[in-house]
Structures are given as C-alpha cells and as structure tokens.
Amino acid sequence: MREMRLQLVLAIPIFCSACSVRLIPNTDVPDTQENREIIEVVESYRHAVESRNPAAVLRLVSREYYDDNGTPSTDDDVDYQKLSEILSRWPENVLEVRYEMRYRRVHFEGSRVWVDVTYTGAFKVKAAEGERWERRLSDNRIELLREGGKWRIVSGL
C-alpha cells in the first residue's frame with residue numbers, strides 16, 4: 001500500500017504537466033501558430049515604437065484605424081490621419097523610448113482579433129522646460145483585422 005501511494009505521489013507531476021497548456025514564452029498566451037502570428041505583429045509594433053519609427057508603425061496600421069480612447073467625447077478620438085499626424089511629430093519630440101508588453105490574452109472572432117496586454121513605457125520627451133521622462137503602466141486592448149492576407153492594427157495604440 002505504501003509503495004502504491006509513493007508511485008501515485010511521484011506520478012502526479014507527470015499527469016499535471018501533461019494536462020497543462022503550453023504558453024508562448026514570457027506571455028500568458030497558449031502556444032499556437034495563430035497566437036504566435038498575432039504576437040509577432042504586435043511585437044513589430046512595439047519594436048517600431050522603441051526605435052521611434054513612425055513609418056514602420058503606420059505600415060502595421062489599417063487605413064480603417066479608429067480609436068475613441070474609451071471616452072464618450074470625440075475630442076480625443078484618433079483615426080488613421082490623426083495617428084499619422086501624431087507620429088510625424090515623434091522624431092523631434094520623443095528622444096528615447098523603452099516599451100515593454102506582457103501579453104495576457106489573444107481572442108479570435110472571425111477576421112478580427114483582440115490582444116490584451118499590460119504595457120510599461122518610459123518616454124524621454126522634449127518639453128518647454130527641457131527634456132524629461134514620462135512613464136506609463138496600463139492594461140490595453142489592441143484590435144487587429146485581417147486585410148489582404150495580413151493582420152493590421154485597427155484600434156488600441
């Protein structure tokens with residue numbers, strides 16, 4: 001009886017590991033080809049932000065981009081044109097960027113996908129009083145849409 005209990009105790013980790021979901025490293029997202037493809041697109045965006053490359057960001061964004069920033073007011077809404085204008089000021093106003101994302105969830109629904117992330121960003125910017133660092137830590141949802149065989153960001157930047 002004692003030997004049987006010992007075998008059972010030793011077998012539990014094996015059974016648990018067989019039932020566990022394999023995650024993409026450094027994420028909370030199951031490791032599937034579809035999830036890897038989506039995270040690769042969002043990682044390309046993150047790298048473009050870190051390198052302060054507005055053209056690279058815009059290559060990943062749909063012309064249908066629209067973000068209401070979660071408010072009822074339209075004053076802070078951003079469409080593709082406004083995003084392009086904002087990004088055009090980056091090279092002179094944003095001097096350095098550190099940007100990290102923790103991928104929490106990827107949810108597919110037809111030709112759309114939502115990626116839940118927690119991001120931390122540190123941005124060295126020019127200001128009237130001189131250079132300063134701005135920091136942000138927040139949860140966010142990035143929405144992508146399949147367009148012409150490619151995933152494009154349509155909201156959430």
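Two strands count as paired here if DSSP finds at least two bridges between them. Helices (H or I, at least four residues) and strands (E, at least two) are themselves DSSP runs, numbered from the N terminus. With that in hand, strand 3 and strand 4 pair in the antiparallel sense over 14 bridges.

A word on the ground rules. This is a predicted model, where local features need pLDDT of at least 70 and side-chain atom pairs count only at pLDDT 80 or more, while totals for chains, interfaces and linings use all residues. Residues are numbered from 1 along each chain as its sequence is written, and side-chain values use heavy atoms, with hydrogens and water left out.

Back to strands 3 and 4: they make a hairpin with two residues between them, and Gly110 in the turn has a positive phi of about 65°. Further along the pairing, Arg102 has Thr118 in strand 4 as its bridge partner. Strand 4 (residues 112–127) also pairs with strand 5 (residues 130–147), again antiparallel, over 16 bridges. There, Phe123 is bridged to Glu134 in strand 5.

Zoom out and you get an open, antiparallel sheet of four strands in the order 3-4-5-6. Strand 3 (94–109) and strand 6 (150–155) each have a single partner strand, so one side of each is left without a neighbour in the sheet. From one strand to the next, the twist averages 30°. Helix 2 (residues 33–50) packs on this sheet, touching strand 3, strand 4, strand 5 and strand 6, and its direction makes about 165° with that of strand 3. Contact means heavy atoms within 4.5 Å; axes are lines fitted to C-alpha atoms, for helices over the stretch in contact, with angles running from 0 to 180 degrees between N-to-C directions.

Now for the rings. The structure holds four aromatic pairs (rings of Phe, Tyr and Trp, the last by its six-membered ring, with centres within 6.5 Å; planes under 30 degrees apart are stacked, over 60 edge-to-face, the rest tilted). One of them is Tyr99 with Tyr119, tilted at 50° between the planes and 5.8 Å centre to centre. Tyr99 sits in strand 3 and Tyr119 in strand 4, 20 residues apart.
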